[in-house]
Amino acid sequence: MTQISKIVTLALGAWLLLGGAARAADNLTVQLKWVVQAQFAGYYVAQAKGFYKDAGLNVTLKPGGPDIDPSQVLAAGGADVITEWMPAALAAREKGVPEVNIAQVFQRSGLELTCRKDSGIRTPADFKGKTLGVWFAGNEYPFLSWMAKLGYSTDGGPNGVTVLKQGFNVDPLLQKQAACISTMTYNEYWQLIEAGMKPSQLVVFKYQDEGVATLEDGLWTTESRIKDPLMRNRLARFVKASMRGWEYAIAHQPEAVNIIMAADTSGALGAPHQTRQLAEIAKLIEGTGKPGYLDYAAANRTVHVLLTGASKPVITHPPVGAWTHAVWDQAFAGKVASR
């Protein structure tokens, strides 16, 4: 090989190396709020169908669980994006975590308080003196705001309610340890039905109907990531590909359920339950015309609910800078570069 040939070969090798590096997918880590289930179908579908790959992303989806606080993971640098309920995110922000909502996937609340009819409960006035099951780890905030609005103490006694720290199951209602428990329209309510209870044996209070609904699954990142132009571009590609995944999941629900079942390594999921779950979740997402767009009015209603906690408000003042449309606008305004 001549010297010129060697130079050309080396130059070609360097060009190919640099070209390969330029084409390498950008990494992004996402901490989900809970375990693998249809609640996160859009992200798993986007991954399985190659939507993230098409956007030049290598996305790692980290399942959550009862001992995982997404906001803490975000603060510690364990994720670039988290899925989180707005009450928990705003409470964490007030405590110093600089998290910001960049997209709002669920437009309506799926949270409920489901009661045994044989407990005598028919209206919220009947909660007084009863034991109510409540999830914690950040999920208690909407409940505490609702009780404050009703004027009920959560410390027990005849003029208040007794709070049972509810595990992530429906056993307290089945075993009559509580008159009511926390459920989601797409999950625990149907676990009760699958366990043998009939709808006629239950009284359901939807937070949406009670005027105390707060925004649930949204996408949150940190202020510093949004300020970084390269990371903001990466986030915009992620938001757009994720909403593409959600649109596909809702339009092809049997296929989406199969993808969720394949992603579950625990073997605990059942396809019929996931099928029903996805159908219910679709009701919380659809209808905006702007997938993933945060309605500021809805965000402000959430803040209002959280501030009405009397002596124990979830947050003590309206948040500033807790949400932005900058990433969503970049995602859907045709301004997202491939890298």
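Predicted model: local features only at pLDDT ≥ 70, side-chain atom pairs only at ≥ 80, totals over all residues.

Q: How many aromatic pairs does a search of the whole structure find?
A: A pair of aromatic rings is described by the distance of the centres and the angle of the planes. Rings of Phe, Tyr and Trp (its six-membered ring) pair if their centres lie within 6.5 Å, and planes under 30 degrees apart count as stacked, over 60 as edge-to-face and the rest as tilted. The search finds 15 such pairs here. One of them is the edge-to-face pair of F127 and F205, with 5.2 Å from centre to centre and 80° between the planes.

Q: Which parts does the pair of F127 and F205 tie together?
A: Helices (H or I, at least four residues) and strands (E, at least two) are DSSP runs numbered from the N terminus. F127 lies in the loop between β5 (111–116) and β6 (131–134), whereas F205 belongs to strand β9 (residues 202–206), so the pair ties together parts 78 residues apart in sequence. F127 is buried at a relative accessible area of 0%, and F205 also counts as buried, at 5%.

Q: How far apart are the ring centres of W135 and F168?
A: Their centres are 6.0 Å apart and their planes stand at 15°, so this pair is stacked. It links distant parts of the chain, 33 residues apart, with W135 in the loop between β6 and α6 (141–150) and F168 in the loop between β7 (162–165) and α7 (171–174).

Q: How much space lies in the largest pocket?
A: On a 1 Å grid over the protein atoms alone, a pocket is an open set of points with protein on both sides within 12 Å along at least five of seven lines, and a lining residue has an atom within 4 Å of a point. Grid points are joined across faces, edges and corners, and the volume is the space filled by probe spheres set on the points. The largest pocket holds about 450 Å³, and of its 26 lining residues the closest to the centre are W34, Q37, F168, N187 and E188. At least two lining residues each come from α8 (188–194) and α12 (271–285).

Q: Which residues line the largest cavity?
A: A cavity is a set of points where a 1.4 Å probe fits but cannot get out. The largest cavity, with a volume of about 30 Å³, is lined by L111, V134, W135, N139, E140, F143, S182 and Y207.

Q: Which residues does V170 touch?
A: Contact means heavy atoms within 4.5 Å. V170 sits in the loop between β7 and α7 and counts as buried at 5% relative accessibility. Not counting residues up to four places away in sequence, V170 touches I181, E188, Q191 and L192. V170 and I181 are 11 residues apart in sequence and 7.3 Å apart in space, C-alpha to C-alpha.

Methods. Residues numbered from 1 in each chain as written. Heavy atoms only, no water. Buried < 20%, exposed > 50% of the residue type's maximum accessible area, 1.4 Å probe, protein only.
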